[in-house]
Amino acid sequence: MIRLALKTRPDLPLEADTIRPDYFAQKTEAEIAKLPVLHGNQFCALGDFFNVRGGASDQLVLEGDLAQVKRIGTGMEYGQITIHGNAGMHLGAGMRAGEIVVFGDAGDWAGAEMCGGKIHIHGNAGHGLGGAYRGSRHGMNRGMILVEGNAGNETGSLMRRGLVAVRGDVGEFAGAFVIAGTLIVFGSLGRRAGAGMKRGTIVAYQQPELLPTFTFDCVYQPLYLRLILQTLQLEGFSIEEEWRTGAYRRYSGDLNALGKGEIFVYDQH
Amino acid sequence: MMLTINGVEIEDTYAEAFTMWGARIIITAKNLKWAMEAATRMTGFATSVIGCKCEAGIEGEIDDTPDGRPGTSVLLFARSKEDLAQRLVERVGQCVMTCTTTACFNGLDSVEQVPVGGQLRYFGDGFQMSKLIQNRRFWRIPTMDGEFLVEDKFGVQPAVAGGNILILGEDQDVTLQAAEQAVEAMRKVRGVILPFPGGIARSGSKVGSKYKFLMASTNDAFCPTLRGVVDSAVPEGVNCVLEIVIVGLEIEDVEQATRVGTLAACLPGIRRITSGNYGGKLGQYKIYLHQVMKQDVSA
């Protein structure tokens, strides 16, 4: 296991896309400490900001308030990162496999355009969670993001595959322009959810304010949700039995787009 | 060497088994009644590849199903991987998808896979949706009661068909009783099915016929009514023979079923238990009765 403890909180955002377990796996402690990070517009060494202990492992533990440390785990292909503290923007963006666990909050664009692996945020997440960067054709494409707190705007926007589950509330435009995949929100769903969605699924546990371009279909028990909820439970998300066995109101949309998307709203009656 | 169990002679011979391809299908439904209904339909007309293109049976009820609902496990076997793929699509499509409240999952972890949901999805006429959950793809096909959930691909593997025991008894009552007890014991073995009605075959067959258009015909050597006119394998005092055919995913499972079935069938009034073979010319496996019976039953 490799431990990185923040010793100097950067006064400017620190671009640290070298903090990846697959990069560290073959490196010694000294080599890790020399890896470059971008502090503002200046290249520095990782060791300038972190106390590094251990080497040659794909198990990485980060300690400290890393809200200013961006791009942790970006593009990682294997290994595990555990962060005891907050994480900065772009956490795990574009990651392909492996796991990131944050015992704190994560900044904007966590898991953006990821195509595999798992991110579990025990605090809140920012905007663009699992989403697509401006100009991109799709956001998250496989993998799983779990958030125990709230998430910001554009959660899961342009998502193509994968699963995003948020225990708390999400902001506006959740699941906007979704191509496929599943977004589950146990708290409140912000306005304009599913705007422009082609396919894919949004599941809400509180009645959202839906766009007029979504039409009500029926009340039924979508069986596949059982599998999704079972998966979440295996990942440590507490799931009520009624959510698994209960009925959901199904709305089709967005009729402004392809209209093959769906929003399920848990039917408490 | 003579081997007897409870006074029943176990003939020193072997069952000749051969390779087929097998799949395990998990069917779930709102309750066990409907899961069993689908499983029963799916395994209908599937006693022998000779006439039915596949062999199938219900492996048993299962508690731990993918969607947490009541479920059953079905084993389906066919001559080749391609044949099996076709039979799966036909039978899941016609017998499971049509059965209300059901869902259908792959139950075999294998590198060899064939598309099932991936073929049936077209029934959705463009309204089908796929979901990738934990690297397994599922298809949701809209139906009039909601939707049919079916896994995209099913695992298939080489399997063993043609395991068998023949129970030779003094009369029909005792032979049937012995066969029923054997079936009851064999059905507790996971990974095997007994594809014939009630697990028992009365019309055992031999390869070929005097009629050129027939691939198989009655096993005259074991027909008590022909004892006086053919080269009979029916000893004096035997008036009924029943066969139990065993098909399994692994040879060990077929051997285990052979063992427990033979033990259970050794009742008073049973004269001999033997196995059918084709002189070793057809099958890839030989299941020697004496060897199987000497193995540890609990193994």
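A residue counts as buried when its relative accessible area is under 20%, as exposed when it is over 50%, and as partly exposed in between. By this rule A:E29, with 39% relative accessibility, is partly exposed. The model described here is predicted. This briefing treats chain A as a whole and then turns to selected residues of chains A and B.

**Chain A as a whole**

- Four helices and 17 strands make up the secondary structure elements of chain A.
- The radius of gyration of chain A is 19 Å, which agrees with the value near 18 Å that a compact globule of 269 residues would have.
- Along its principal axes, the C-alpha trace of chain A spans about 60 × 35 × 25 Å.
- Of the 269 residues in this chain, 56% count as buried.
- Among contacts in chain A with a separation of 6 or more, 43% are made by residues 24 or more positions apart.
- Chain A exposes about 10500 Å², and carbon and sulfur atoms supply 48% of this area.

**A:E29 in helix α2**

- A:E29 belongs to helix α2 of chain A, which covers residues 29-33.
- Leaving aside neighbours within four places in sequence, A:E29 is in contact with A:V52, A:R53, A:G54 and A:G55.
- A:E29 and A:F216 are separated by 187 residues in sequence and, from C-alpha to C-alpha, by 58 Å in space.

- A:N141 is located in strand β11 of chain A, which comprises residues 141-147.
- A:N141 counts as buried because its relative accessibility is 13%, and the cut-off for this class is under 20%.
- The side chains of A:N141 and A:R161 are joined by a polar contact of 2.6 Å.
- Apart from neighbours within four places in sequence, A:N141 has contacts with A:M114, A:C115, A:G116, A:R160 and A:R161.
- A:R142 is also placed in strand β11 of chain A.
- With a relative accessibility of 33%, A:R142 counts as partly exposed.

**Backbone geometry**

- Most residues other than glycine have a negative phi, and most peptide bonds are trans.
- A:R142 is not a glycine, yet it has a positive phi of about 95 degrees.
- B:N135, although not a glycine, has a positive phi of about 65 degrees.
- B:N135 is found in the loop of chain B between β8 (129-133) and β9 (136-143), and it is exposed, with a relative accessible area of 71%.
- The peptide bond from A:G253 to A:D254 is cis, with omega near -10 degrees.
- A:D254 is part of the loop between β16 (248-253) and β17 (261-266) of chain A.

- B:D67 lies in the loop of chain B that runs between β4 (55-62) and β5 (71-78).
- The relative accessibility of B:D67 is 0%, and the residue therefore counts as buried.
- A polar contact of 2.7 Å links the side chain of B:D67 to that of B:T28.
- Not counting residues up to four places away in sequence, B:D67 touches A:L223, A:R226, A:L227 and A:Q230 of chain A, as well as B:T28, B:A103 and B:F105 of chain B.

Methods
Residues are numbered from 1 along each chain as its sequence is written. Chains are lettered from A and ligands numbered from 1 in the order in which they are written. This is a predicted model: local features need pLDDT of at least 70, side-chain atom pairs count only at pLDDT 80 or more; totals for chains, interfaces and linings use all residues. Side-chain values use heavy atoms; hydrogens and water are left out. Helices (H or I, at least four residues) and strands (E, at least two) are DSSP runs, numbered from the N terminus. The radius of gyration is taken over C-alpha atoms; the globule rule is 2.2 Å times the number of residues to the power 0.38. Buried means under 20% relative accessible area, exposed over 50%, partly exposed in between (1.4 Å probe, protein chains only). Contact means heavy atoms within 4.5 Å. Accessible areas come from the Shrake-Rupley method with a 1.4 Å probe; for residues, only the protein chains shown count as cover. A polar contact is a pair of N or O atoms within 3.5 Å; within protein, one must be able to donate a hydrogen and the other to accept it, and residues adjacent in sequence count only if both atoms are side-chain atoms.
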